[in-house]
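Subject: Structure handover

Hello,

Please find the structure below. My notes on a few loop residues follow.

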Amino acid sequence: MRNSEPTAPKTVSKMANSSARDAPSNRDYPNCFGCGKENPWGLQLRFRVAGERVFTEFTPLPRHEGWPNIVHGGVISTLLYEVMENWPFVMHGTVTMMRSMDVKLISPARVGEKLSVFASLKRREDSDMWIESEITCESRTVARGKAELVFTSKRRQQLLGI
């Protein structure tokens, strides 16, 4: 496994034109804030796969604003959360829960700018995995994230109702 910082592609669109494929649909969770298609207040993200990376694109609207015309840092953090939390599900159909997450906000994103969000596996050990993520806009890095996830057993999923 790689242990270095993730390197952003020039644009996700170039990845999409190469060998990217749509991620499996998550019809079981239509109200998910991140990817639920029936949640009118959610982000309605659509994940794609390119090699060992999961990615999505998102164009923030005025309702995602913090400071005037600047995307709220909580929305940026949520985008990182969603792509990292979904990496194991999209890549392997595995349900995980976030144990911890670090976010580094690097450059403000503006309302209306298309953001490219991607994640990749850094390391896996027993029931834990570490994922890295990055948000880019054109050629600049907006934010980076790191997360530790823990696998969720079938029994635990049943107890949680997921």
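At 36% relative accessibility, glutamine 44 is partly exposed, where buried means under 20% relative accessible area, exposed over 50%, and partly exposed in between (1.4 Å probe, protein chains only). This is a predicted model, in which local features need pLDDT of at least 70, side-chain atom pairs count only at pLDDT 80 or more, and totals for chains, interfaces and linings use all residues. Residues are numbered from 1 along each chain as its sequence is written, and side-chain values use heavy atoms, with hydrogens and water left out.

Glutamine 44 sits in the loop between strand S1 (21-22) and strand S2 (48-50). Helices (H or I, at least four residues) and strands (E, at least two) are DSSP runs, numbered from the N terminus. Although not a glycine, glutamine 44 has a positive phi of about 50 degrees. Most residues other than glycine have a negative phi.

Glutamate 138 also has a positive phi, near 55 degrees. It belongs to the loop between strand S6 (128-137) and S7, and is exposed at 66% relative accessibility.

Leaving aside neighbours within four places in sequence, threonine 152 is in contact (heavy atoms within 4.5 Å) with Val95, Thr96, Met97 and Gln157.

Threonine 94 lies in the loop between helix H2 (73-92) and strand S4 (96-105). Not counting residues up to four places away in sequence, threonine 94 touches Pro88, Phe89 and Phe151.

Regards
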